[in-house]
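Here is a short briefing on selected helices and side-chain contacts. Please read it alongside the sequence and the model.

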Amino acid sequence: VWSQAGVVDASGRLLDAQKAYLDSWRVCDVLVGDVSAKELIEMKARLYLNLGLVYEAMENVKRAKQFVKRALDIARDRGLVETERLARFSLAGLHVHVREPSLALRHYEAALEMAKREKDVVGEAELLEGMGQAYLVLGDLAAARKFFWRSWKIDLGESDREALLRTLKIVSKAVKLERTLVAQDVSRDAMSGWDRLGDLCSKVKAYKKAVESYEKELEVGKRLGLGEDDLASVYFSLAVTYDDDRQY
């Protein structure tokens with residue numbers, strides 16, 4: 001249940017985490033000479049990465065990107081493979097968050113190759129799921145389903161993956177429904193189909209595809225000669241989708 005006190009408490013914890021990481025950064029300077037240069041560099045890269053995660057949780061995506069990019073630059077230059085993979089994964093997620101799926105996919109793909117080389121199946125599954133999310137933002141339902149399915153097929157034992165399974169089922173329904181709609185004529189059934197597709201896409205935050213679907217519904221309705229009152233629900237769905245996608 002949402003509460004003002006809960007929000008304040010969460011904000012306080014994030015600020016405490018931010019302060020702790022900044023304090024740790026100062027400790028790194030004190031450790032010069034006591035630990036190896038490689039260990040010190042890796043500590044700093046991880047601190048940048050952790051600060052990026054804190055800023056992401058604080059909804060400061062611009063600042064989060066800056067810190068994660070610093071971590072990635074250090075890791076790439078110094079050959080810190082694990083840190084580079086984590087930084088790419090985090091940066092890809094940030095790009096998805098601000099609707100930059102093409103940039104996200106570039107980092108996901110590079111990180112996926114690294115996870116495969118390291119035989120990290122957990123990391124591979126997470127990255128494949130992330131790529132599915134990026135394709136949802138792009139509006140490519142078939143590609144999204146492919147990557148969600150590849151992620152789901154990886155056996156992670158007792159790991160709870162119900163959220164992934166729910167998303168996979170919804171996207172699979174959307175792909176099947178879209179195929180039936182492509183060849184449909186102008187009809188009330190077509191309107192209903194486009195409406196259902198828009199709703200399914202909205203559930204998995206594929207807002208670009210949802211908007212396209214509702215616009216198709218609107219187009220069919222107008223070609224059927226429906227009035228504004230009959231089309232009001234479609235306009236409402238479009239407005240809600242734009243709001244959910246933060247396009248004001």
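G225 follows helix α10 and has a positive phi, near 80°. This is a predicted model, in which local features need pLDDT of at least 70, side-chain atom pairs count only at pLDDT 80 or more, and totals for chains, interfaces and linings use all residues. Residues are numbered from 1 along each chain as its sequence is written, and side-chain values use heavy atoms, with hydrogens and water left out.

**Helix α10**

- Helix α10 covers residues 207-223, 17 residues in total. Helices here are DSSP runs (H or I, at least four residues), numbered from the N terminus.
- From first C-alpha to last, α10 reaches 24 Å, close to the 24 Å expected at 1.5 Å a residue. The expected span is 1.5 Å times one less than the number of residues.
- Buried residues of α10 include Y207, V211, Y214, L218 and G221. Buried means under 20% relative accessible area, exposed over 50%, and partly exposed in between (1.4 Å probe, protein chains only).
- An α-helix has 3.6 residues a turn, so residues three or four places apart point the same way.
- The cover over the buried residues of α10 includes α7 (141-153), α8 (162-182), α9 (188-203) and α11 (228-244).

**H107 in helix α5**

- H107 sits in helix α5, residues 101-117.
- H107 counts as buried because its relative accessibility is 6%.
- Leaving out residues up to four places away in sequence, H107 touches L72, R88, L91, A92 and H95. Contact means heavy atoms within 4.5 Å.
- S90 is 17 residues from H107 along the chain, and their C-alpha atoms are separated by 9.0 Å.

**Aromatic rings and charges**

- The whole structure holds four aromatic pairs. Rings of Phe, Tyr and Trp (its six-membered ring) pair if their centres lie within 6.5 Å; planes under 30 degrees apart count as stacked, over 60 as edge-to-face and the rest as tilted.
- One of these pairs, Y55 with F67, is stacked, at 5.4 Å centre to centre and 5° between the planes.
- Y55 lies in helix α2 (residues 37-57) and F67 in helix α3 (residues 61-78), so this pair ties together parts twelve residues apart in sequence.
- Y55 counts as buried at 11% relative accessibility, and F67 counts as buried at 6%.
- Y48, Y55 and F67 make up one aromatic cluster.
- The charged end of R63 sits over the ring of Y55, 5.6 Å from its centre. A charge sits over a ring if NZ of Lys or CZ of Arg is within 6 Å of the ring centre and within 35 degrees of the ring normal.
- Over the ring of F67 sits the charged end of R70, 5.1 Å from the ring centre.

Key. Helix = DSSP H or I, 4+ residues; strand = E, 2+ residues; numbered from the N terminus.
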